[in-house]
Amino acid sequence: MGGPILLDRPLIERDMLAQRVVSLAEEINADYELTQRPLSVIVVLKGACFFAVDLLKRLHLDTRVDFLRASSYSGMGSTGEVRLHYDITMPIGGTDVLLVEDIVDTGLTASWLLRHLASHNPASVRLCTLLDKPAGRQVHVPIDYVGFTIPDEFVLGYGLDYDEGYRNLPAIFIARPANYSEMNDASGKGD
Ligand code: IMP
């Protein structure tokens, strides 16, 4: 279990989040508006929910929504194992798929999920992430839409948790724990 943590000033204020969501939605609307196919938005639980709901309300496309839940384990020198706890139930074959993540860190979860979704034979698969933390990357992941590129810090709020807490904060904060690795262990990576 995680102990008390210190929250710095917000790294990304709620107004900046709202403005970026609007511009991301405009980009996505423009990119998909000429396709004759539905857009399947697949949201990674739990962290991406807050971002995805705000984004979805701004899409003017023939859009369907489903959810999945996964965790990644990259410790002990392994190449990383991703476990799927909950899968989509909606058929996505022949549709354009947009995977919505809260943050791409090592890239293990997103790259595994992109391959998993591609196995359903969609017309296309793209990735949209609110946050990109490139310093943590272990595997290359093609990211089509990025909200914000952030430094190598543990962040909380707007869906992102520490030990299941703090998700409901309306802005993104940098957390300064006494022990960073302890925080990584408790974060429940991938949800
Ligand atoms: P990846 O497989 O390392 O890219 O893991 C992505 C997942 O790790 C995200 O969906 C988050 O659940 C978690 N994660 C990575 N960095 C942070 C962070 O700074 N704060 C909270 N969760 C994080």
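The chat below takes up the ligand site, a sheet, an aromatic pair and a few single residues.

Analyst: A word on the source first: this is a predicted model, in which local features need pLDDT of at least 70 and side-chain atom pairs count only at pLDDT 80 or more, while totals for chains, interfaces and linings use all residues. Residues are numbered from 1 along each chain as its sequence is written, and side-chain values use heavy atoms, with hydrogens and water left out.

User: Fine. Which residues come nearest to the ligand?

Analyst: Of the 19 residues around the ligand, the nearest are D102, D105, T106, T109 and V155, where a residue counts as near if one of its heavy atoms lies within 4 Å.

User: What kind of residues are in that shell?

Analyst: The shell around the ligand divides into 6 nonpolar, 5 polar and 8 charged residues; here Ala, Val, Leu, Ile, Met, Phe, Trp, Tyr, Cys and Pro count as nonpolar, Asp, Glu, Lys and Arg as charged, and the others, Gly among them, as polar.

User: How much of the ligand's area does the protein cover?

Analyst: The protein covers 99% of the 500 Å² of accessible area that the ligand has on its own, computed by the Shrake-Rupley method with a 1.4 Å probe.

User: Which elements give two or more residues to the shell?

Analyst: Those are β5 (96-104) and α3 (108-118), and β5 gives the largest share, 4 residues. Helices (H or I, at least four residues) and strands (E, at least two) are DSSP runs, numbered from the N terminus.

User: Is α3 mostly covered or mostly open?

Analyst: Mostly covered, since 8 of the 11 residues in α3 are buried, meaning under 20% relative accessible area with a 1.4 Å probe and protein chains only, whereas exposed is over 50% and partly exposed lies in between. Among the buried ones are L108, T109, H116 and L117.

User: Switching topic: what is the strand order in the open sheet?

Analyst: Three strands form it in the order β1-β9-β8, with antiparallel pairing, and two strands pair if DSSP finds at least two bridges between them. At the edges are β1 (6-12) and β8 (155-156), each pairing on one side only. Between β1 and β9 (residues 172-176) there are 4 bridges, and L6 stands opposite R176 in β9.

User: How many aromatic pairs are there?

Analyst: The structure holds 1 aromatic pair. The ring centres of F154 and Y162 are 6.3 Å apart and their planes are at 80 degrees, so the pair is edge-to-face; rings of Phe, Tyr and Trp (its six-membered ring) pair if their centres lie within 6.5 Å, with planes under 30 degrees apart counted as stacked, over 60 as edge-to-face and the rest as tilted.

User: Are those two buried or exposed?

Analyst: F154 is buried at 7% relative accessible area, and Y162 is buried at 4%.

User: Last one: where is R167, and what does its side chain contact?

Analyst: R167 is found in the loop between β8 and β9, and a polar contact of 2.9 Å joins its side chain to that of E164. At 9% relative accessibility, R167 counts as buried.

Technical notes. A polar contact is a pair of N or O atoms within 3.5 Å; within protein, one must be able to donate a hydrogen and the other to accept it, and residues adjacent in sequence count only if both atoms are side-chain atoms.
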